[in-house]
Amino acid sequence: MDRPVAPLEGSSKITRRDHRLGTNHASRCTQSRLSRRNHVKQVKVLVIGAGPTGLGAAYQLNRHEGVDWLLCEQSTEIGGLSQSIIDDAGYTWDIGGHVWFSHYDVVSNLLAEILGSDGYYEHRRDAAIQYGSHWVPYPFQDHLQALPGDVRTECLAGLVEAAITAASGSQGPPENFSEYITAAFGIGITEAFMRPYNEKVWAHPLGDMSWSWIGERVSVPDPIAAIRNALGAPKDTEWGPNSTFVYPKSGGTGAFWDALANTLPQERIRLGARAVSIDRENKIVSFEDGATIGYEYLITTVPLDITARLIGDPSLIELTSGLSHSSVHVIGLGVDAAVGERLGDRCWMYFPDPELPFYRVTHFSHYSPANVPAGIDGSSLLIEVAESATMPVDTDDLVDRVIAGLVSAGVLENAEQVSHVWTHRAEYGYPTPTLNREEIVSLALAELGSANILSRGRFGAWRYEVGNMDHSFMQGYEAAARALTGCAEPTLGLDGDR
Ligand SMILES: Cc1cc2nc3c(=O)[nH]c(=O)nc-3n(C[C@H](O)[C@H](O)[C@H](O)COP(=O)(O)OP(=O)(O)OC[C@H]3O[C@@H](n4cnc5c(N)ncnc54)[C@H](O)[C@@H]3O)c2cc1C
């Protein structure tokens, strides 16, 4: 089987595409961003990290005339976890399937403005969970009719039992996520889907996790609706904020962030600028290339535990070492066109089966046909495998195990349908909402805030529940407004201070 492996991210062979302004413009911008390093400088607001949070901050700062600010990013690319990568064979990949949906008018308007009305596809979510040989539409608990009879009965019985127990008030509130899912979903749904799936995606014991984060991330079951659906009432697949989503026509999710960065003053963006230490007392950040930049306010989107190490304060390092995260192995596969044809409009699939290494598979060429290089009659799949200190992954034969798993799950007919492989590993993938997270994060953010250091973003504030692209952008946008005016930050629920 001809299965070339594309180089990892960071290889010089990987190219990026500026979907709006053309590659020449993009590389000119990159040159101008890179060539301005080494200047010793003092700014009002220094932003570290050009992912969605840093770009949200920069976008806000740029709206205020006369404010001196600078955005520094260690990578030579914009976008952080939300960037897209075009590999040497021309396939476009996200770091895990990213879909755009927004809770905020600012972000929705910006999306439309930046991508243009014909710059994106609008998709209706078609997602399903594999249970044995059955496909259960997402959310699982609303589609028990798709399960085999005995499992359906167990799920319904458990759901009703859980509802009766809750109504009796005989049980106190759940103490952790594991207890929460049993109390809310009942034992049947918990064992068929919720426990095995969440153990895979979080790679963390559910008993050590809180459930305060679930909000709109988990569809809380309505027993009456579940019974109605199980008895054959019309399906409801519309639940949740991502029931419809948009995706750029070309350049992947990252095309948006590249284009947004190109609207900002290029002299205020430095790529390849890795912060290596933060002098909290003197308000100076030092960079790997020897440059130093003084600030009045620092917005850091670096993972909170790393920020503590950059500052070098032993008690802050000790405090934040209690935080947990998981990593994500992302495997992109170029596959036969027949695979995509069979999947049809299916957007993504969840796999709770512990025997399969992956938790989610995205039908990535369905998001945009341009994710497959022009001239190739094929489809692409994006596969995610979670890893953590407590659940390590053997990477030696991971790609082979993933492909074998796809064959056994029936997504592929055989391994020969794979013609191209790309791999990437994100060390910081999911910030785990552990039981101790709230205390650690609120103490750390308060301490940093008192020194004008605003740690924000998916890992800057360690918040999965407000850690999507739109939330992250708004975390940065609101943090920058705080730096300028002292206003509150609704996305993180932080009060104003002036
Ligand atoms: C598998 C997966 C799937 C996802 N799917 C979706 C989705 O479908 N929809 C959605 O909305 N969101 C999704 N997300 C979330 C999305 O990726 C994040 O919301 C977003 O990227 C977080 O932005 P951020 O700026 O906070 O962090 P990041 O994107 O991590 O950016 C931080 C930046 O800081 C830089 N940096 C770090 N250290 C330094 C340093 N020392 N010096 C200088 N720069 C530094 C990094 O290089 C990086 O560019 C997904 C995430 C994952 C992992």
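Residues are numbered from 1 along each chain as its sequence is written, and side-chain values use heavy atoms, with hydrogens and water left out. Because the model is predicted, local features need pLDDT of at least 70 and side-chain atom pairs count only at pLDDT 80 or more, while totals for chains, interfaces and linings use all residues.

Helices here are DSSP runs (H or I, at least four residues) and strands are runs of E (at least two), numbered from the N terminus. Helix α4 (residues 149-168) packs with helix α6 (residues 223-230) at an angle of about 160 degrees, and their axes are 10 Å apart. Axes are lines fitted to C-alpha atoms, for helices over the stretch in contact, and angles run from 0 to 180 degrees between N-to-C directions. The pair α4 and α6 is therefore roughly antiparallel; angles over 145 degrees count as such, those under 35 as roughly parallel, 65 to 115 as roughly perpendicular and the rest as oblique. The crossing of α4 past α6 is left-handed, a term used if the near helix is turned anticlockwise from the far one by less than a right angle, with right-handed meaning clockwise. In contact (heavy atoms within 4.5 Å) are Arg 152, Leu 156, Leu 159, Val 160 and Ala 163 of α4 with Pro 223, Ala 226, Ile 227 and Ala 230 of α6. These contact residues comprise 8 nonpolar, no polar and 1 charged, where Ala, Val, Leu, Ile, Met, Phe, Trp, Tyr, Cys and Pro count as nonpolar, Asp, Glu, Lys and Arg as charged, and the others, Gly among them, as polar.

Helix α4 also packs with α5, at about 165 degrees and with axes 7 Å apart. This angle makes α4 roughly antiparallel to α5, and α4 passes α5 in a right-handed crossing. Residues of α4 in this contact include Gly 158, Leu 159 and Ala 162, and those of α5 include Gly 186, Gly 188 and Ala 192. By class, the α4 contact with α5 holds 10 nonpolar, 4 polar and 1 charged residues.

Helices α2 (residues 52-62) and α7 (residues 254-262) form another pair, with axes that come within 11 Å and cross at roughly 30 degrees. Helices α2 and α7 are therefore roughly parallel. Pro 52, Leu 55 and Tyr 59 of α2 make the contact with Trp 257, Leu 260 and Ala 261 of α7. The contact of α2 with α7 has 6 nonpolar, no polar and no charged residues.

An oxygen atom of the ligand is 2.6 Å from a polar backbone atom of Gly 467.

Two backbone features remain. Most residues other than glycine have a negative phi, and most peptide bonds are trans. Ala 203, in the loop between α5 (177-202) and α6, has a positive phi of about 50 degrees. Tyr 138 and Pro 139 are joined by a cis peptide bond, with omega about 0 degrees.

Definitions and conventions
A polar contact is a pair of N or O atoms within 3.5 Å; within protein, one must be able to donate a hydrogen and the other to accept it, and residues adjacent in sequence count only if both atoms are side-chain atoms.
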